[in-house]
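Biologist: I'd like to learn how to read packing in a helical model. Could you walk me through it?

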Amino acid sequence: MSLSKADKTVMTPGWVATTQAFLRWVFTPLGFFITIYGLNVIAWGGMLFLLLCNAAPAMCHPSCNSPNSSRRIWIEIDSQILNALFCVTGFGLAPWRIRDLCQWCRWRLARSPRTRQRGLAHLAEIHAKWFLPEAQDGVLPSTTDAASGLRLPTPLWKMDAVVWGNMLNSIFQVCLAVCMWAMNRFNRPSWTTGLFVCLACLVAAGAGIIMWLEKKRINKASEHPGALLLVPHANPSARSDTLGQGYLHVNQADSS
């Protein structure tokens, strides 16, 4: 007996469906650009790591720490390329991050309660994909449906962390670029590169993890908003085949 297309879709393993969705995304213009960008970061970052670990002894001539050795020259080339790659996001996203910071200042620093409320409302609208605001005066926000009342709002500290995490990423990237471009490899302190790269990556990763986890939580709650509203059916054997072993969802119950 042949299976229908819907049955095959249901029986497809989760990792296969995820892979297919990822491949479709890769062949979009934005997905292709992000993929190439990520591969460059991984490739040049991996090469820099291997050079720092002295994985290529042939490049240590006359010595590994000699400023004129191939190892030190390629470490500088890799560092400059990675700095340029990080500047794409650190500088490219700066206008939107400054906009979010301005709205954050209205929300947290304004004297008028109305101004603070508008600032938070603008931030909630900008980050609607992962931020779920609280209801105002018993009315649900316009960005959610009626079922959103079953979902817990996003804690406000997460908005603080995301706004400042993104902004600090751009600030640390500016510091890194100044060190890389204003000083050459002979007089640049070695700790500056490692410090600002580490700080920039940590704050960006923290903000990204918060948004990803919160978006995942909201989407999971939205899949079955009435899943907990189950009531026992009066006659379990009457419709056990269609309603799930004696339990009836309230949306499917008869009006009588």
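Biologist: Let's start with one side chain: which residues does serine 79 touch, not counting residues up to four places away in sequence?

Modeller: Keep in mind that this is a predicted model. With those sequence neighbours set aside, serine 79 touches Leu48 and Met180. Serine 79 itself sits in helix α4, residues 70-92.

Biologist: Is serine 79 buried or exposed?

Modeller: Buried counts as under 20% relative accessible area. Serine 79 has 13%, so it is buried.

Biologist: What about α3: which of its residues are buried?

Modeller: The general idea is that an α-helix has 3.6 residues a turn, so residues three or four places apart point the same way. In α3, the buried ones are Gly31, Tyr37, Leu48 and Leu51. The buried residues of α3 pack against α2 (14-26) and α4. As for length, the 24 residues of α3 (29-52) reach 35 Å from first C-alpha to last, close to the expected 34 Å. After α3 comes asparagine 54, with a positive phi near 60°.

Biologist: And which residues touch the most other members of the largest nonpolar core?

Modeller: In soluble globular proteins, nonpolar side chains tend to be buried together. Here the largest such core has 13 residues, and Trp104, Trp107, Leu123, Phe131, Met159 and Val163 touch the most other members. Helices α5 (94-109), α6 (113-126) and α7 (156-182) each supply at least two residues, with α7 giving the most, 4 residues. Beyond four places in sequence, the contacts of tryptophan 107 include Leu120, Leu123 and Met159.

How values were computed. Residues numbered from 1 in each chain as written. Predicted model: local features only at pLDDT ≥ 70, side-chain atom pairs only at ≥ 80, totals over all residues. Heavy atoms only, no water. Buried < 20%, exposed > 50% of the residue type's maximum accessible area, 1.4 Å probe, protein only. Contact = heavy atoms within 4.5 Å. Core = buried A, V, L, I, M, F, W, Y, C linked by side-chain atoms within 4.5 Å. Expected span 1.5 Å × (residues − 1).
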